[in-house]
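Subject: Structure for your review

Dear colleague,

Please find below the structure I am handing over to you. My findings follow it.

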Amino acid sequence: MMAWAAMVLTFLALAVGGYAVAVADRLIAGACGWPHQGNAWLAPLARGAWLYRQDANVTEAPDRPAWRLAPALYLALAALGLALVPWSPTLVVADLATGVVLWGSLEALATVAIFLHGWSANAPLALIGGYRYVALGLSYILVSMFVLIGVVLPAESLKFSQVVAAQEELWNVVRQPLGLPLFLIVGLGLTFWGPLNLADSTDLAGGTASEVSGPPRLVWEIARVAMLVAFSGIAATAFLGGWLGPWLPGPLWLALKMLAVLLALAWLGRVLPRLAPERCVTLMWVVLLPLSFVDLIWAGLEAL
Amino acid sequence: MAVSWLGRLAARAPVPVYPLLGIGGERALYPLALAGRVTRVDSPRHASVLLVAGHVPVHHHEALKRVHDQLPRPFATLWFRSQPLPGLENARRVDDPATLTDELVALHRELQTGQRGSSPRLLPDEPPNPWEGLGDDGHGGEGMMGGTPYGRPMAMNMQDDIRDGLTLDSLTFRLGPFYPLLPPGLAAEITLQGDVIQSWTNQSPAYPRALDAVFQTARERPVAIAELELARARHHLRHLYRALRLAGLEGLGLKALRLARELTPASHLDGLRRQLTRAGFFRLAALDGGALDAETARRLGGPAARAAGIDTDRRSDDAHYRRLGFRPALGRGGDTRARWHQKLAEIEQSLALAGRAVDEGDLTTVGPGGLETPCGPWRERPAQDAGGCLEALLPGMEWDSALATIASLDLAEGSASPPPGEAHAEEPQ
């Protein structure tokens with residue numbers, strides 16, 4: 001029964017969270033100087049309706065099954081990621097003993113889905129977008145996993161529910177101050193959002209999505225915000241104490257923390273320029289990866 | 001019922017517009033960027049309405065048709081000061097920039113509510129070249145790369161990498177003349193390895209872009225220095241908008257456009273400059289590289305030359321400019337970053353000159369003679385292909401750095417003559 005409730009909650013979070021990202025992104029854009037684009041609450045729905053009604057185009061000799069599968073695969077990965085997030089000690093779809101490892105594998109599989117999306121269109125700009133993500137994906141995954149190992153140490157478990165339980169006294173955001181900032185930066189890369197949106201970027205006219213229209217594009221856009229929601233769920237669980245908090249029910253606390261992470265990511269996405277890929281590689285390998293080692297050593301010493 | 005409900009909802013979406021810019025088409029771009037209810041998109045696949053703005057030369061009609069046919073149904077076209085192609089007689093044409101947004105919104109609404117059918121296809125739905133590959137998927141030749149499917153070579157390793165020795169498959173394709181991140185008219189054949197440019201061959205030069213009317217007038221009689229300098233600052237701010245949008249800082253780009261729209265001698269750049277620095281435009285964006293050698297910088301002239309430290313500015317020859325204390329602002333390095341520092345410095349300089357000219361009783365230029373336009377010295381004939389320098393400049397650069405370099409150069413602005421049949425291309429706002 002609890003598993004079913006958790007599943008409903010997960011799908012609800014994907015839908016509501018995705019919609020919240022779309023609305024928040026428009027509101028932030030308005031605050032950052034974009035012209036008024038109509039009702040921010042209605043615009044995502046109207047855009048969804050427009051994409052749904054638009055024809056799905058084809059390019060010249062695409063790998064059609066892969067092209068259509070990639071958005072669905074990416075959406076499925078996002079849903080699986082959110083399924084690992086515990087809403088309370090008992091309300092969780094899959095409280096796996098290897099939950100953190102599974103999240104790492106989802107990050108790796110996301111690379112496959114994104115490259116597939118760019119490659120299968122059989123178009124140059126989409127392909128370059130795919131290349132870019134593959135070139136950068138490994139560095140995102142490495143930093144992400146080192147940082148997550150840091151939160152696993154005090155919990156002495158790879159279960160996300162145990163990671164939350166270990167934060168009863170002190171949240172990891174305080175215990176390991178490098179962790180959340182590193183994880184958020186890497187999250188922008190994993191979800192190719194804002195300054196780290198190098199796969200679907202403006203200079204590639206939309207990158208892996210440059211040749212996609214209609215319902216497949218709608219699915220791709222939903223999958224992208226869903227992945228952002230899943231990432232925010234993992235971030236809130238790993239660093240912000242998950243369901244922990246006074247007065248309010250646990251799931252509500254988690255939802256509020258996820259919303260805070262989503263707003264931070266959406267805001268960063270609007271105020272920072274897109275990083276050059278070469279600079280991004282340098283940032284990941286020369287700055288963030290050593291910092292993630294420091295974070296890990298910090299976590300280890302703290303766990304002793 | 002469900003479809004009509006969805007259609008009514010879709011009709012309320014911000015209108016995705018793909019602007020296809022011909023000669024003089026940029027005048028549609030800036031008001032559109034600042035208009036609500038419309039979203040500019042960079043791929044025809046993402047658009048509901050194709051906006052053809054400005055005159056498209058006959059030799060680019062085939063390219064226009066190819067872009068037109070890439071829009072997914074249902075879509076419509078709007079022709080701004082441009083003649084619809086044969087076969088699109090039902091397309092709508094507008095000449096008044098003030099009605100542009102309303103027309104785009106109306107077209108989108110009519111499409112979504114079924115009051116207007118989709119624009120017809122202009123080309124047969126078949127590959128532009130015959131199948132010449134080997135094997136079902138072009139994989140039948142040696143090394144699994146067979147033939148030239150549909151006239152294009154397969155991505156394969158034909159040449160050594162020119163940058164770091166990491167050789168990847170070479171991918172050759174053509175881009176332009178209506179790729180929105182290149183100057184309108186510019187088309188090139190490009191070979192990449194990964195996203196590093198191996199070769200860049202121009203196939204068609206950028207369209208000449210006419211300057212503000214005041215630069216034309218200044219060739220014939222003295223004009224107010226304040227007016228001339230504000231037009232110069234406005235030109236640079238619009239240029240900055242295009243670069244910021246490319247860099248992912250469209251919000252700041254729109255602020256630059258608003259500043260350009262409301263420019264007066266009392267305007268200041270301080271706020272925008274501070275925001276650019278804080279946002280990390282100079283540190284984080286792809287502004288590395290793109291350094292011009294002295295000869296190329298001198299040939300391009302204008303801010304590109306001065307950013308390379310070359311002291312060239314015809315305003316120095318004008319006695320009234322000298323009276324205002326004018327001395328050319330000079331930069332160092334001549335790369336993409338230096339050009340943007342230079343442009344910002346020149347905007348500030350123009351605003352200061354405009355202010356001082358007003359204080360001096362609306363001082364005018366001395367008279368007809370050598371004129372410094374925002375993109376260099378006035379040329380009687382447009383430079384045939386200012387973009388020729390790209391062929392030597394871009395190989396070895398990553399894709400986004402290359403586009404940022406192109407965006408920092410005034411490749412389209414070798415001419416100050418108006419587009420065909422038009423008095424002035426840019427209108428002061």
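This is a predicted model: local features need pLDDT of at least 70, side-chain atom pairs count only at pLDDT 80 or more; totals for chains, interfaces and linings use all residues.

In chain B, the loop between strand E6 (170-175) and strand E7 (187-193) holds Pro177(B). The peptide bond that leads from Gly176(B) into Pro177(B) is cis, and its omega is near 5 degrees. Another cis peptide bond links Arg73(B) to Pro74(B), with omega at about -10 degrees. Pro74(B) lies in the loop between helix H3 (61-70) and strand E4 (76-80) of chain B.

In chain A, Phe192(A) has a positive phi, near 30 degrees, although the residue is not a glycine. Phe192(A) belongs to the loop that runs between helix H8 (179-190) and H9 of chain A. As background, most residues other than glycine have a negative phi, and most peptide bonds are trans.

Helix packing in chain A

Helix H2 (residues 43-53) and helix H9 (residues 214-239) of chain A pack with their axes 6 Å apart, at an angle of about 140 degrees. H2(A) and H9(A) are therefore oblique to each other. On the side of H2(A), the contact involves Arg47(A), Gly48(A), Trp50(A), Leu51(A) and Tyr52(A). H9(A) contributes Gly214(A), Pro215(A), Arg217(A), Leu218(A) and Glu221(A). Sorted by class, these residues comprise 5 nonpolar, 2 polar and 3 charged.

Domains of chain B

Chain B is split into domain 1 (2-112), domain 2 (142-204) and domain 3 (213-408). The C-alpha centres of domain 2 and domain 3 of chain B are 32 Å apart. Between these two domains, 19 residues of domain 2 contact 16 residues of domain 3. About 1,400 Å² is buried between domain 2 and domain 3 of chain B, with 67% of that area coming from carbon and sulfur atoms. The number of salt bridges between domain 2 and domain 3 of chain B is 0.

The interface of chains A and B

Contact between the chains involves 48 residues of chain A and 64 residues of chain B. The buried area between chain A and chain B is about 4,400 Å², and carbon and sulfur atoms give 58% of it. Of the area that chain A buries against chain B, 16% is supplied by Trp50(A), Arg53(A) and Glu60(A), more than by any other three residues. There are 3 salt bridges between chain A and chain B. Asp195(B) and Arg132(A) form a salt bridge through their side chains, at 3.1 Å from N to O.

With kind regards

Terms used
Residues are numbered from 1 along each chain as its sequence is written. Chains are lettered from A and ligands numbered from 1 in the order in which they are written. Side-chain values use heavy atoms; hydrogens and water are left out. Axes are lines fitted to C-alpha atoms, for helices over the stretch in contact, and angles run from 0 to 180 degrees between N-to-C directions. Helices (H or I, at least four residues) and strands (E, at least two) are DSSP runs, numbered from the N terminus. Angles under 35 degrees count as roughly parallel, over 145 as roughly antiparallel, 65 to 115 as roughly perpendicular and the rest as oblique. Contact means heavy atoms within 4.5 Å. Ala, Val, Leu, Ile, Met, Phe, Trp, Tyr, Cys and Pro count as nonpolar, Asp, Glu, Lys and Arg as charged, and the others, Gly among them, as polar. Domain bounds come from an automatic or database domain assignment. Buried area is the accessible area (1.4 Å probe) that two parts lose on being put together, summed over both. A salt bridge is a side-chain nitrogen of Lys or Arg within 4 Å of a carboxyl oxygen of Asp or Glu.
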